[in-house]
Structures are given as C-alpha cells and as structure tokens.
Amino acid sequence: MASDARASSPERIAEGVWHPPRSSEAIKAEIWVQGDSVIVRRTGAGAGEAALALGFLSTIEVSSRVGNVPRRIAFSNGSLFETPDNAGIDLLLQKRGSNQAGLFVHGLERFHPRLIVFVVAVFLLATAIYRFALPALVEVAVLVTPDVVPQAMSVGTLKSLDATVLKPSQLPEAKRRAIEAGFSELARRADRGTGGYSLNFREGGAIGPNAFALPSGTIILTDELVDVAGDDTDMVLAVLAHEIGHVDKKHSLRQIYRAAGTAGLIMLIAGDVGSAAQDVLTNGAALLSLSYSREAESEADHYSVFLMTKSGRDPLALARFFTALQEKLNVGPEETSMFDTHPGMPDRQKMIEQWAREAKEAKAETK
Ligand SMILES: [Zn+2]
C-alpha cells in the first residue's frame, strides 16, 4: 500500500540547527520525514547513530512563515529544530496536510464503520431494486393493467401529438387504400385480429419518416415514411408489421412503466394513480421520448418477418426499408429520428435475412 512504500524511503527535508531541550547549544542537523515520522539527525551522522529528536507529522509544532525569519519546529520533548529553508518546511507542512487527510479517512473507518456499512447497504439495495425488483414490478403492472388504461393513454397521446407535431395526411387516396388493405391482412393474422389495431395516417413534420405504436394498438404512420418506400408498398407494410409486434409484445406499456419507476409502479399497482401520474401516462411528448430496448426492437423485427411471411408478402422488405431510409436521408443510422430508437442496423438486417430464410424453410416443410 502507498503508506508502506512511503515509510520505506526516508526523505531529507531541510538543513538547519537543533537546540536540545532548555539549552542554547546549537548542533548542525538535518530534518527527515519517513512515513508520518519526523526525524532530526546530526549532519554527517553515521547510519548507526541515534536520532537527535523524533516526532510525528501530526504532533510537531511548526512556526508560521514570516519573511526570512528562520522557521522553528518544536518537538514534544522540548527540543527545537531551526532552519531558514522555507521551501523545505512548506514541503513538510504539505506532507502533514496529505497525511492528515489520510488520518481523517482512517478515523472515519475506525469510529464509524456502521455508517459506511449502512451507506453501502443502501446503495446495494437501490441497485438491486432497480435491477431486479423494477423489471418484476413492470411485469406485474402490465398484467394487472385493465384495457381502459392503454386506451386512455393512447387517446391522450394522439390528441397531444395532433395538437403539436402531427398534421393531417396528404397521401393520395389510392396509396392510402393500398396500405390499408395490406395492413388489415397483417392485422387479421396478428394476436388481436382486425379490430385490435387502428392505422392512422399523418404528416410527420418534425418527426419525419416515422411509424410508432401506442399501447392500445393505435399505429401512426407518417407520409414521409411512405415517401421513403416509394412504389415498394411491402416496405411500408413490413414497418407496420414491426409496429404490430411492439403492440402484441406490449413493449410500449412496459417502456412507460419502466420510466414511471418503482414509486410510480407501486402507486399504480396499489390503485392510487394520482393526477400527476395520469399526466405522465397521457403525455405524448413523454411517450415519444421513450425508446425501446434493443431486445424489444429485435423482437418486433422478428414479428415483422413472421407476419409478412404469413401474409404471403416479402419478409425481407423491412431490411430493404432500412437501406432505403439511409439512402434517402443520406445520413448514418444514428442520426435520423426513427433510428435513434433503432440501433445496430447492419446486425438487424442480418438477423432479418436469417429469420426470413428460416420462415421460408418452415413454410416449405409444411407444404
Ligand atoms: Zn421499433
């Protein structure tokens, strides 16, 4: 340890004279520091010769610096060391300072071990709650959430988004019909069936090419995203299948609950949803700012491949859409609004290709 290393190497601090206790005699001497010990030796003393005075950094008295007045160090036996070497004495005081800091910590450890144990225990408990109890509470909350809650959340969110960022869609009627037809084919094969999801067309404005799902099954698709796909409607449908995946796996409900934190969840499960909590749960901006975990994205991608295959459409359309989006916007995957929530694009494309192959093989086997 550091203090042992220091203890093994004595350091010469300054030269001066030493006055024995109650004596005017002056002996040429040097002052040394070794660890937290202060030693005065006769100048030129042999290795075996006894020290003139011994003290500790914490117990010696050092006179203040006043111009060029020699500094005095008083030892507890009454002897004095005197030197004009101000720099040397300042170094000694500096060592005493750092040594005292060490003493302070040492004192804490010695006198308040319980306090430190307590602080560590609280920290560990908080970490454990966050890591283990919160995910468990989230699952409980998702299970006990009555259907009216996601309904209320979604209505509130869409309302606030319509009042702020979103505008009515400008898509041509034919395009809209084609997407709606494909969407209802996907919905028919998903967990909730045709009535379980609603598709809403909007101009995205600030949020650009985007699609997102609210917990109730409300899915919002921006005109800008449809533009990116061009004539390739399967791309749009693959994205919608991905969003249906988020709904069926209850990703956004989980995400909201995770953001609400432990206290919010306990309130929710206990049935005491205050107005503040309600505000959070129905606030569109808050909902939009949440991003899914990588696992949730991967799960939704897999679901897209599954639904597209089941509907007889191209399961690779999602991977194609990622490429199209990057090309169209000419930016890296991290810089577009949709992709802050969609990390690891090349990995995801590779996984989509693999799942598509597996889905094709599975389909061939059943024929
Ligand atoms: Zn997603």
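Student: Why is Arg 22 called exposed?

Tutor: Exposed means over 50% relative accessible area, buried under 20%, and partly exposed in between, with a 1.4 Å probe and protein chains only. Arg 22 has a relative accessible area of 80%, so Arg 22 is exposed. Arg 22 lies in the loop between β1 (11-19) and β2 (27-34). Helices (H or I, at least four residues) and strands (E, at least two) are DSSP runs, numbered from the N terminus. The model is predicted: local features need pLDDT of at least 70, side-chain atom pairs count only at pLDDT 80 or more, and totals for chains, interfaces and linings use all residues. Residues are numbered from 1 along each chain as its sequence is written, and side-chain values use heavy atoms, with hydrogens and water left out.

Student: What is the phi of Arg 22 near?

Tutor: Phi of Arg 22 is near 45°, a positive value in a residue other than glycine. Most residues other than glycine have a negative phi. Lys 250 also has a positive phi, near 55°, and sits in the loop between α7 and α8 (251-269).

Student: What makes Lys 250 partly exposed?

Tutor: Its relative accessibility is 36%, so Lys 250 counts as partly exposed.

Student: Which residues coordinate the zinc ion?

Tutor: His 242 (NE2), His 246 (NE2) and Glu 297 (OE) coordinate the zinc ion, at 2.1 to 2.2 Å. Donors are N, O and S atoms within 2.8 Å of the metal (3.2 Å for Na, K and Ca); water is not among the atoms, so sites may look incomplete. Along the chain, the donors follow the spacing H-x3-H-x50-E. His 242 in helix α7 (residues 233-248) and Glu 297 in helix α11 (residues 294-310) are 55 residues apart, a pair that links distant parts of the chain.

Student: Why does His 242 count as buried?

Tutor: His 242 has 2% relative accessibility, so His 242 counts as buried. Glu 297, at 1%, counts as buried too.

Student: How do you know that the span of helix α12 agrees with its number of residues?

Tutor: The expected span of a helix is 1.5 Å times one less than its number of residues. For the 13 residues of α12 (residues 317-329) this gives 18 Å, and the end C-alpha atoms are 18 Å apart, so the span agrees.

Student: Which residues of α12 are buried?

Tutor: They are Ala 317, Leu 318, Ala 319, Phe 321, Phe 322, Ala 324 and Leu 325.
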